[in-house]
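Open the model in your viewer and keep the sequence panel beside it. This tour goes from one selection to the next and says what is there at each stop.

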Amino acid sequence: MQKLMVFVVAILLASCAPAPKSVGEFREAMRGRPTMMKEESHNINRELSSVVKDVERKSKECLQFGYSSSTRAGASARTNTVVYHPHTRTTGKNKAEMYIQEEHIPQPVGSPKGGAYVFLADMKQVTSAKTQMTMYGPSFPTWQPIFDAIKGWSEGKNIKCPDSP
């Protein structure tokens, strides 16, 4: 996963686009359809509050994880830790968002507090019984189970936790 995100960040840097410093900047960057990222939209036949409640509960349970790796160069060794942090919040009367930040420890210079933004699910109430969900994130096949799980949770399904990408 660490190699994947380094690759994604390298693509963003190569395109001369600064790395997003907020979820709003990440949303705008995703609307520009960057390479190796994708967008999925779904209409969910549930009210917004139920969608948000289930997405928040399951993302905290399943998508907050981390790992460490060590590298050696001669006599010195370096340990890097990557931690994923899901966040869910209401952003207006009929809107909410769930986003994931990837925090590297030690923290790279210039990275946003909490880590790089790697995934976003915008949720918007369309009617009292319908919510539109638009998800933005990596297009790599290892991320598809996360897209599928979040969609399932939003529909009220008891989808098992996906493997980490």
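Contact here means that heavy atoms lie within 4.5 Å. That cut-off applies whenever the tour says that residues touch or meet. One caution before starting: this is a predicted model.

**The whole chain**

Colour the chain by secondary structure. There are four helices and six strands. Followed from the N terminus, the elements run α-α-β-α-β-β-β-β-β-α. Of the 165 residues, 42% count as buried. Now consider contacts in the chain with a separation of 6 or more: residues 24 or more positions apart account for 55% of them.

**Stop 1: T134**

Select T134, which sits in strand β6. Is T134 buried or exposed? Buried means under 20% relative accessible area. T134 has 10% relative accessibility and therefore counts as buried.

Next, show what surrounds this residue. Leaving out residues up to four places away in sequence, T134 touches E39, E40, S41, L120, A121 and D122. With S41 there is also a polar contact of 3.2 Å between the side chains.

**Stop 2: E40**

Move to E40, one of the residues that T134 touches. E40 belongs to strand β1. Its relative accessibility is 15%, so E40 counts as buried. Which side chain makes a polar contact of 2.8 Å with the side chain of E40? Select K38 to see the partner. Again not counting residues up to four places away in sequence, E40 touches M133, T134, M135, Q144 and F147.

**Stop 3: M36**

M36 is not a glycine, yet has a positive phi of about 70°. With 27% relative accessibility, M36 counts as partly exposed.

**Stop 4: helices α3 and α4**

Select residues 48-62 for helix α3 and residues 144-154 for helix α4. Two packed helices are described by the angle between their axes and the distance between the axes. For α3 and α4, the angle is about 140° and the axes are 8 Å apart. The two helices are therefore oblique to each other. Their crossing is right-handed.

Which residues meet in this packing? From α3, show V51, D54, V55, K58, S59 and C62; from α4, show I150, W153 and S154. Sorted by class, this contact has five nonpolar, two polar and two charged residues.

**Stop 5: the buried residues of α4, and what covers them**

Keep α4 selected and highlight its buried residues: I146, F147, A149, I150, G152, W153 and S154. What covers these residues? The cover includes helix α3 and the strands β1 (37-44), β4 (95-105), β5 (116-127) and β6 (130-138).

Now pick D148, also in α4. D148 is partly exposed, with a relative accessible area of 44%. The side chains of D148 and Q144 are joined by a polar contact of 2.8 Å.

Just after α4, select G156, where phi is positive at about 85°.

**Stop 6: Y84**

Select Y84 in strand β3 (residues 76-92). Y84 has a relative accessible area of 1% and is buried. A polar contact of 2.5 Å joins the side chain of Y84 to that of E102. Then select F65, which is 19 residues from Y84 along the chain. How far apart are the C-alpha atoms of Y84 and F65? They are separated by 5.4 Å.

**Last stop: I105 and P106**

Finish at the peptide bond between I105 and P106. This bond is cis, with omega at about 5°. P106 lies in the loop between β4 and β5.

Methods:
Residues are numbered from 1 along each chain as its sequence is written. This is a predicted model: local features need pLDDT of at least 70, side-chain atom pairs count only at pLDDT 80 or more; totals for chains, interfaces and linings use all residues. Side-chain values use heavy atoms; hydrogens and water are left out. Axes are lines fitted to C-alpha atoms, for helices over the stretch in contact, and angles run from 0 to 180 degrees between N-to-C directions. Angles under 35 degrees count as roughly parallel, over 145 as roughly antiparallel, 65 to 115 as roughly perpendicular and the rest as oblique. A crossing is left-handed if the near helix is turned anticlockwise from the far one by less than a right angle, and right-handed if clockwise. Ala, Val, Leu, Ile, Met, Phe, Trp, Tyr, Cys and Pro count as nonpolar, Asp, Glu, Lys and Arg as charged, and the others, Gly among them, as polar. Buried means under 20% relative accessible area, exposed over 50%, partly exposed in between (1.4 Å probe, protein chains only). A polar contact is a pair of N or O atoms within 3.5 Å; within protein, one must be able to donate a hydrogen and the other to accept it, and residues adjacent in sequence count only if both atoms are side-chain atoms.
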